[in-house]
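Student: I would like to learn how to read a structure feature by feature. Could we go slowly, with the general idea given before each case?

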Amino acid sequence: MESVGQLPSLRATQAFTDYLKTQNINFDVRVTTEQDIEHYSIWVAPEDFEFARQHFFDFVQNPHDSKFLNASWE
């Protein structure tokens with residue numbers, strides 16, 4: 001698996017991974033703690049990396065985009 005990126009909150013991670021689910025992308029979330037602060041890394045299979053990475057950057061730039069908000073409701 002390859003790391004797509006890291007998010008600072010569980011809620012943001014859930015929103016993005018909800019979107020990945022709607023796209024039939026399997027993922028793994030790994031939690032690390034540094035100085036009592038949790039970080040959430042999202043990992044996907046190599047064949048899904050490019051797709052997931054591009055949408056991760058889209059999410060970071062605009063987490064309120066309807067494609068991400070709607071995914072949380074599905």
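Tutor: Let us begin with accessibility: a residue is called buried under 20% relative accessible area, exposed over 50%, and partly exposed in between, with a 1.4 Å probe and protein chains only. Before we apply that, note that this is a predicted model, in which local features need pLDDT of at least 70 and side-chain atom pairs count only at pLDDT 80 or more, while totals for chains, interfaces and linings use all residues. Residues are numbered from 1 along each chain as its sequence is written, and side-chain values use heavy atoms, with hydrogens and water left out.

Student: Into which class does serine 9 fall, and where is it found?

Tutor: Serine 9 has a relative accessible area of 28%, so it counts as partly exposed. It is found in the loop between strand S1 (2–7) and H1, where helices (H or I, at least four residues) and strands (E, at least two) are DSSP runs, numbered from the N terminus. In sequence serine 9 and histidine 39 are 30 residues apart, yet in space they are 6.8 Å apart, C-alpha to C-alpha.

Student: How many helices and strands does the chain have, and what pattern do they follow?

Tutor: There are three helices and three strands in the chain, and reading along the sequence gives the pattern β-α-β-β-α-α.

Student: How do I read the overall dimensions of the chain?

Tutor: One guide is the radius of gyration, taken over C-alpha atoms, with a globule rule of 2.2 Å times the number of residues to the power 0.38. For 74 residues a compact globule would have a value near 11 Å, and the chain has 12 Å, which agrees. Along its principal axes the C-alpha trace spans about 35 × 25 × 20 Å, and of the 74 residues, 34% count as buried.

Student: What can be said about contacts across the sequence?

Tutor: A contact means heavy atoms within 4.5 Å. Among contacts between residues at least 6 apart in sequence, 63% join residues at least 24 apart.

Student: How are aromatic pairs described, and how many does the structure hold?

Tutor: In general, a pair of aromatic rings is described by the distance of the centres and the angle of the planes. Rings of Phe, Tyr and Trp (its six-membered ring) pair if their centres lie within 6.5 Å, and planes under 30 degrees apart count as stacked, over 60 as edge-to-face and the rest as tilted. The structure holds six aromatic pairs. One of them joins tyrosine 19 and phenylalanine 68, which are edge-to-face at 5.0 Å centre to centre, with 75° between the planes. This pair links distant parts of the chain, since tyrosine 19 is in helix H1 (residues 10–22) and phenylalanine 68 in helix H3 (residues 66–73), 49 residues apart.

Student: Are these two residues buried or exposed?

Tutor: Tyrosine 19 counts as buried because its relative accessibility is 6%, and phenylalanine 68 is buried too, with a relative accessible area of 1%. Phenylalanine 68 also forms an edge-to-face pair with phenylalanine 59, at 5.1 Å centre to centre and 90° between the planes. Phenylalanine 59 and phenylalanine 68 are both buried. Ring pairs link Phe16, Tyr19, Phe56, Phe57, Phe59 and Phe68 into a cluster.

Student: Which residues should I look at for a positive phi?

Tutor: Look at glutamine 35, where phi is near 50°, a positive value in a residue other than glycine, and at aspartate 36, where phi is near 65°. Glutamine 35 is placed in the loop between strand S2 (27–34) and strand S3 (37–44), and aspartate 36 lies in the loop between S2 and S3. Glutamine 35 counts as exposed at 76% relative accessibility, and aspartate 36 is exposed with a relative accessible area of 77%.

Student: Where is asparagine 26, and what is it in contact with?

Tutor: Asparagine 26 is in the loop between H1 and S2, and its relative accessible area of 62% makes it exposed. Leaving aside its neighbours within four places in sequence, asparagine 26 is in contact with Met1, Trp43, Val44, Ala45 and Asp48. Phenylalanine 27, by contrast, is found in strand S2 and is partly exposed, with a relative accessible area of 25%.
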